[in-house]
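Morning, everyone. Please have a look at the structure on the screen.

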Amino acid sequence: MSRSALVDNVTAMLADAGFLVSDRCAVRPKSFDVAARRGNDVILAKILGNIDSFDGLTGAEMRRLGTYLDATPMVIGLRTRDEDLKPGVVYFRHGVPVLSPDTAMDLFVEGVPPLIYAAPGGLYVTIDGDILADARRERDWSLGRLAKELGVSRRTVSKYEDGMNASVEVAARLEELFDAPLTNPIDVFDAEVDDADPTPDDPEAGEADKPLLAVLTRVGFDVHPTLRSPFKAVSEDDQRHQALLTGHSEFDRTAEKRARIMSSVGEVTRTQSFYVVDRATRERVDRTVLIERDEVERIDEAEDLRDLLRERAVDVEEPA
């Protein structure tokens, strides 16, 4: 299957599952392919045939964007260099959860979350320690008796009851012994099984973008530059804590394409987008407001920019 066909299939699946899906980010460089929202759940999805091509810089940017846009970064892929991704298993690359299309289908369409995650050494599950301890006591088994049944130490059994994760083989044996489900599903929107570092720091802005971003910073925005997105930065108002997707370049056909993508992504993430150009012949491209560089340089405070956006923008759904 070509990557383009895979993107189309995943996009259709998300739409069938009730997500509002953005236009495909068909510009380079790009950290994610589509944004999608269902209720309060927002995902930024990178869709790949081989997930080994997902590099650390892209993972770092997706994680930063997830923080700024209150979204979950996610990779949906078919395989690694060595094997196909297993259904029902969550993998991790550079701190980002990775699902196969089948796992995504089960989660988003069927409402069946994955139970297994991959980590160095094999496949693991999250044991519900309280349920395990109750089941053991109801059998009137000691820690030592259960440890003997599992072929592990008493200390290991105690750790399982304290919430330590277990291999798939141990979990299957436990459920066989007690004839009851003992594992917790993995919440991919709040996955805590990955030991990733904290969200990476913002990259340095490009030289051409620094004057604009300096103006936004001066008037009270917390500006987060991007490297692999259809927008140059995510700008947050220090007072209102609302994000703005910020673009900047000469206004040509590529810029117009970026502005349309920003509009679509902004609709999904419930953020306003604006694009700064030398000269504008119209007020907006779809929902992305066009602002001339001279207008930005005359802005004295954040509310001035907000007023300008309100004058030219179509209605934007405010966050709940």
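Start with a contact between two helices. From α5, the residues L143, G144, L146, A147 and L150 meet R154, V157, S158, Y160 and E161 of α6. Sorted by class, this contact of α5 with α6 holds six nonpolar, two polar and two charged residues. Keep in mind that this is a predicted model.

Now the geometry. Two packed helices are described by the angle between their axes and the distance between the axes. Helix α6 covers residues 154–161, and its axis comes within 8 Å of the axis of α5. The two cross at roughly 100°. Angles of 65 to 115 degrees count as roughly perpendicular, so α5 is roughly perpendicular to α6.

Stay with α5, residues 143–150, and turn to α7, residues 168–178. At what angle do α5 and α7 pack? About 120°, with the axes 10 Å apart. That makes α5 oblique to α7. The crossing of α5 past α7 is right-handed.

Who makes this contact? On the α5 side, L146, E149 and L150. On the α7 side, V170, R173, L174, L177 and F178. By class, the contact of α5 with α7 has six nonpolar residues, no polar ones and two charged ones.

Next, the arginine. Find R64 in helix α2, residues 56–68. Is R64 buried or exposed? Its relative accessible area is 6%. Buried means under 20%, so R64 is buried. What does R64 touch, leaving aside its neighbours within four places in sequence? T199, P200, D201, D202 and P203.

Last, the rings. How many aromatic pairs does the count come to? Four. One of them is F19 with F108, an edge-to-face pair. A pair of aromatic rings is described by the distance of the centres and the angle of the planes. For F19 and F108, that is 5.2 Å centre to centre and 80° between the planes.

This pair links distant parts of the chain. F19 sits in the loop between α1 (3–16) and β1 (20–21). F108 sits in helix α3, residues 101–108. They are 89 residues apart. Both F19 and F108 are buried. F189 belongs here too: ring pairs link F19, F108 and F189 into a cluster.

That's my tour. Over to you.

Terms used: Residues are numbered from 1 along each chain as its sequence is written. This is a predicted model: local features need pLDDT of at least 70, side-chain atom pairs count only at pLDDT 80 or more; totals for chains, interfaces and linings use all residues. Side-chain values use heavy atoms; hydrogens and water are left out. Axes are lines fitted to C-alpha atoms, for helices over the stretch in contact, and angles run from 0 to 180 degrees between N-to-C directions. Helices (H or I, at least four residues) and strands (E, at least two) are DSSP runs, numbered from the N terminus. Angles under 35 degrees count as roughly parallel, over 145 as roughly antiparallel, 65 to 115 as roughly perpendicular and the rest as oblique. A crossing is left-handed if the near helix is turned anticlockwise from the far one by less than a right angle, and right-handed if clockwise. Contact means heavy atoms within 4.5 Å. Ala, Val, Leu, Ile, Met, Phe, Trp, Tyr, Cys and Pro count as nonpolar, Asp, Glu, Lys and Arg as charged, and the others, Gly among them, as polar. Buried means under 20% relative accessible area, exposed over 50%, partly exposed in between (1.4 Å probe, protein chains only). Rings of Phe, Tyr and Trp (its six-membered ring) pair if their centres lie within 6.5 Å; planes under 30 degrees apart count as stacked, over 60 as edge-to-face and the rest as tilted.
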